[in-house]
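Subject: Structure for your review

Dear colleague,

Please find below the structure that I am handing over to you.

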Amino acid sequence: MPAMSGLVDFDPDEDVGPLTGKVILITGGTAGLGRATALAFARHGPAHIYFTGRRAEAGASLASEIKRIDPSVGATFLKLDMLSLASVKAACETFAHDRLDILMCNAGVMAVPPALSQDGFETQFAVNHLAHAMVVRQLLPVLLRTAEGPGADVRVVCLTSLGWRAHPKGGVLYNKVRTKMEGIFGSWVRYGQSKFANIVYAAELARRYPQILSVSVHPGVVGTDLVHSLTWSRKAFVRGTNWVQGISMMTPEQGRLNQIWAATAKRSEIVNGGFYTPVGVLRNDMLDDDAKSPEIARKLWDWTNEVVAGV
């Protein structure tokens, strides 16, 4: 595997210790980074892996592949629609274990056309932030109970992107998130807003519940459906931006490394609430004043909880 910045020698097969007894949930687990991550985890013997998606066939395929790797690993597909908070809530209510050690908020969309979710929110903000906030709210009690156990090491890993830098002033335009937010470069501003929310929400989760290790990670620019499904012009924009910065497109096997590292590295090596670029490089210094602001973080947390609590 080509060397990457930071922990260049990190290998998910050799550098991840046993996951014996651990229960894991990965959103968007049936394709791309989520699928690649689930398969990496399966090689280390966790008790159970939950993964979400929209297509039952994809869920069955991944469950079968996990069983081929290790028949002792439990595998459960949770069908849900990230554009519906009620669907996300209902899926979380079927979570059947009394512990949850790793929650990976992996699902996401990028630069999609202007649209609204079933709950009336801008699509990218709804999927990338609000749906995951619902997952966290629903599963927080079991995360906290797990964190009370002897030798507990509970983690929440939120995928973000360097695209967070396209966020509007103040981070989130609360007066516009219930609109399509159309405009020049609107798709990238909407994406930036949602990815900004991922960073700030993870940091606030860490402040409020320090017994849970919560971080945000940028996986790199990865050749998954997130990119492949873009329009020609948006795909060209991504590739052109990468070329200017000297960034190469990664495979899912490369792109999964940062999130696997965040979920499994020694706890002492990770700053709670930190923002990491590949692989394992703390980059809080990259964040702007909005992303570092405790007041903005509290506002996002309170506003978000009010939204998801109303479902």
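The notes below cover salt bridges, a charged surface patch and aromatic pairs.

The model is predicted, so local features need pLDDT of at least 70 and side-chain atom pairs count only at pLDDT 80 or more, while totals for chains, interfaces and linings use all residues. Residues are numbered from 1 along each chain as its sequence is written, and side-chain values use heavy atoms, with hydrogens and water left out.

Salt bridges

The structure contains 11 salt bridges (a side-chain nitrogen of Lys or Arg within 4 Å of a carboxyl oxygen of Asp or Glu). One of them joins E204 to R208, with 2.8 Å from N to O. These two residues are four apart in helix α5 (residues 186-208), which puts about one helical turn between them. Helices here are DSSP runs of H or I with at least four residues, strands are runs of E with at least two, and both are numbered from the N terminus.

E204 is buried, at 4% relative accessibility, whereas R208 is partly exposed, at 34%. In these terms, buried means under 20% relative accessible area, exposed means over 50%, and partly exposed lies in between (1.4 Å probe, protein chains only).

R208 also forms a salt bridge with D302, at 3.6 Å from N to O. D302 belongs to helix α11 (residues 294-309) and R208 to helix α5, so this pair ties together parts that are 94 residues apart in sequence. D302 is partly exposed, with a relative accessible area of 44%.

A further salt bridge links R283 and D285, whose closest N and O atoms are 2.9 Å apart. R283 is partly exposed at 26% relative accessibility, and D285 is exposed at 55%. Through shared partners, salt bridges also connect E204, R207, R208 and D302 into one network.

Surface charge

A patch of negative charge on the surface is formed by D9, D13, E14 and D15. Patch members have over 30% relative accessible area and no salt bridge; like charges are joined within 9 Å, and nonpolar side chains (Val, Leu, Ile, Met, Phe, Trp, Tyr) within 5 Å. Areas come from the Shrake-Rupley method with a 1.4 Å probe, and for residues only the protein chains shown count as cover. Asp and Glu count as negative and Lys and Arg as positive, while His and the chain ends are not counted. The place of a charge is NZ of Lys, CZ of Arg, CG of Asp or CD of Glu. D13 lies in the segment before β1 (23-26) and is partly exposed, with a relative accessible area of 45%.

Aromatic pairs

Rings of Phe, Tyr and Trp (its six-membered ring) pair if their centres lie within 6.5 Å; planes under 30 degrees apart are stacked, over 60 edge-to-face, and the rest tilted.

Y201 and W301 are stacked, at 4.7 Å centre to centre with 20° between the planes. This pair links Y201 in helix α5 with W301 in helix α11, 100 residues apart. W301 is buried, at 5% relative accessibility, and Y201 is buried as well.

W301 also pairs with Y209: the ring centres are 6.4 Å apart and the planes at 45°, so this pair is tilted. Y209 sits in the loop between α5 and β6 (213-217), 92 residues from W301, and is partly exposed at 24% relative accessibility. Elsewhere, ring pairs join F121, F125, Y174 and W303 into a cluster.

With kind regards
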